[in-house]
Amino acid sequence: MIAFYGRTLKFVLRYQGITLLVALATLLLTIFLYIIIPKGFFPVQDTGVIQGISQAPQTIGSKGMAQKQQEIAKIILADPAVESLSSFIGADGTNTTINSGRISINLKPLDQRKKNASDIIRRLQSSLANVQDIQLFMQPVQNITIDDRVSRTQYQYTLEDPDQNELNEWTAKLVDRLKQLPELEDVATDQQLGGLAVSLVIDRVTASRLGVAPTTIDNTLYDAFGQRQINTMYTQLNQYHVVLEAEPHFQQDPHILDHLYIQSNSSSGQSGAAASSSSSSGSSSAGSNALTTTALYTPSANTLAPPQNAIASTTTNSSKGSTSAGTPSSTTSSAVPFSAFSHFETTTEPLSIAHQGQFPAITVSFNLAPNAALGDAITAVDKVQKEMHMPASLQADFQGTAASFRNSLSNMPLLILAALVTVYIVLGVLYESFIHPITILSTLPSAGVGAFLALIIFHQDLSVVAIIGLVLLIGIVKKNGIMMVDFALDAERNHGKNSTDAIYEACLLRFRPIMMTTMAALLGGIPLAFGSGIGSELRRPLGIAMVGGLLVSQVLTLYTTPVIYIFFDKLAHRSSRKSEQPSTGGPQPIAEQA
């Protein structure tokens with residue numbers, strides 16, 4: 001093996017110019033591959049868990065949402081790769097509206113399902129497409145995540161604007177454009193403008209004529225539907241709030257307002273004022289806005305039905321300071337139905353309005369299409385945003401993982417440059433030379449070509465993990481040049497050999513150690529590159545970059561490094577001879593006479 005390497009090395013040394021061109025072409029190819037390679041942040045892992053966020057029509061109720069959630073849960077459990085799931089509905093810290101829910105899907109072990117989580121998500125989406133009035137957005141759960149908000153899909157793009165109407169208009173236009181991009185799929189937004197709202201319209205003239213004040217209307221509605229706290233019960237170990245409200249079945253239909261009655265005070269001499277009676281132990285406001293009988297405030301008294309004393313007069317027992325049911329009153333009053341002076345209108349309102357900082361904001365989220373890179377998706381979204389010419393008041397930017405990727409992408413060249421400068425300084429101090437560190441660093445472009453080509457062949461992005469592999473290659477590959485240059489300099493300085501003989505002898509002497517160390521690193525990277533199991537996607541780019549870089553660099557550096565060493569050594573000697581020649585234009589020394 002060493003004899004074969006010696007013969008081929010002699011052949012290469014005869015054509016040093018061509019070898020230098022190959023080294024230069026390797027450097028240019030490295031730069032070109034860095035530009036065109038797809039770039040990402042972290043590889044999508046298969047941790048065996050899928051997170052899903054369901055979204056139903058904005059007009060759906062809690063019972064309808066539960067039925068739809070159970071319907072999609074049955075379809076998911078029928079998939080052969082699904083082990084179990086957990087389903088959640090209702091408004092909470094994560095689900096801000098009733099029409100959204102969450103599903104956590106646990107997959108079977110990888111050796112039983114034979115497909116990764118991303119493929120299973122696409123299969124489930126095709127199965128769930130037949131379910132009407134609900135949509136499930138899914139993404140694999142990752143071990144490494146930096147998102148500070150929960151979104152329907154993996155990557156977020158946020159728009160904010162002081163003008164809510166302008167924000168809604170341009171968000172809808174942007175979503176339509178993003179759905180047409182081939183790099184994106186599952187484009188979703190948290191914009192929900194179609195929620196149903198009931199507006200109670202009060203005829204103030206009629207209400208005033210009937211002796212009903214606006215404050216009385218507010219208090220009556222709050223008593224029935226606002227959960228007013230009217231008392232606190234204290235025990236030895238705890239305290240309990242007493243809450244006033246209508247029975248739950250009266251809160252399901254807005255038409256129940258037509259059957260709600262309010263006490264008129266027109267004949268009491270206090271037109272528009274609330275009645276003066278109150279419950280015996282409650283707050284002064286509770287019970288003072290409706291009928292003058294405390295029994296009417298309890299569910300057993302049929303609060304929302306026409307009161308029994310709607311026309312009859314009642315009297316207040318002033319000596320006790322409380323009202324007794326059925327006791328005649330000196331103040332003549334009557335109960336008036338709400339429908340006599342009001343009506344309600346059904347309109348649409350946003351279910352929720354999110355804010356970022358001080359302004360309203362809407363988050364658009366998306367997943368990547370198969371074989372699409374995050375860098376290409378961000379470039380496509382930025383291009384769409386520029387083509388739309390949005391107003392200056394509307395600010396749009398990426399959030400979470402996409403924003404972190406953009407920041408890391410801008411700093412990636414600086415990181416690699418800083419590593420190269422550090423290595424150059426250390427080698428310059430070691431060899432006391434400005435030239436020979438460049439000879440050693442010339443081994444790195446071949447490693448970059450191998451790493452980039454391997455990532456492209458295996459359809460891997462240039463992610464943060466792959467960058468770590470490139471940094472490792474800087475330390476592993478340059479040891480080939482260090483071994484050659486170290487022995488060649490010793491042969492030149494201590495044995496008086498020229499640069500060609502010195503580097504040739506150094507290459508033959510250090511061939512075996514170079515091969516041993518390279519093979520050790522190469523075999524160590526193979527399990528990372530081709531291993532399988534939970535979370536193997538995170539390690540794979542590191543192994544592929546190492547194996548590809550070592551294979552290509554090992555072949556090229558054994559031949560290009562000696563030629564580059566000879567070139568720079570001759571260049572250094574040529575420059576040193578020029579500096580030693582005396583200047584012809586200066587004064588000449590005067591010969592000293594004996």
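Guide: Gladly! Helices are DSSP runs of H or I with at least four residues, numbered from the N terminus. Helix α2 (residues 16–36) gives the largest share of a nonpolar patch, nine residues. This is a predicted model, where local features need pLDDT of at least 70 and side-chain atom pairs count only at pLDDT 80 or more, while totals for chains, interfaces and linings use all residues. Residues are numbered from 1 along each chain, and side-chain values use heavy atoms, without hydrogens and water.

Visitor: Why is α9 called roughly perpendicular to α10?

Guide: The axes of α9 (residues 374–388) and α10 (residues 400–431) cross at roughly 100 degrees and come within 11 Å. Angles of 65 to 115 degrees count as roughly perpendicular, so α9 is roughly perpendicular to α10. The contact (heavy atoms within 4.5 Å) involves L374, G375, I378 and D382 of α9 with A402, F405 and R406 of α10.

Visitor: What makes K173 and E169 a salt bridge?

Guide: A salt bridge needs a side-chain nitrogen of Lys or Arg within 4 Å of a carboxyl oxygen of Asp or Glu. The closest N and O atoms of K173 and E169 are 3.3 Å apart, so the pair qualifies. Both residues lie in helix α6 (residues 164–178), four residues apart, about one turn of the helix. The structure holds 11 salt bridges.

How values were computed. Axes fitted to C-alpha atoms, helices over the stretch in contact; angles between N-to-C directions. Helix = DSSP H or I, 4+ residues; strand = E, 2+ residues; numbered from the N terminus. Parallel < 35°, antiparallel > 145°, perpendicular 65-115°, else oblique.
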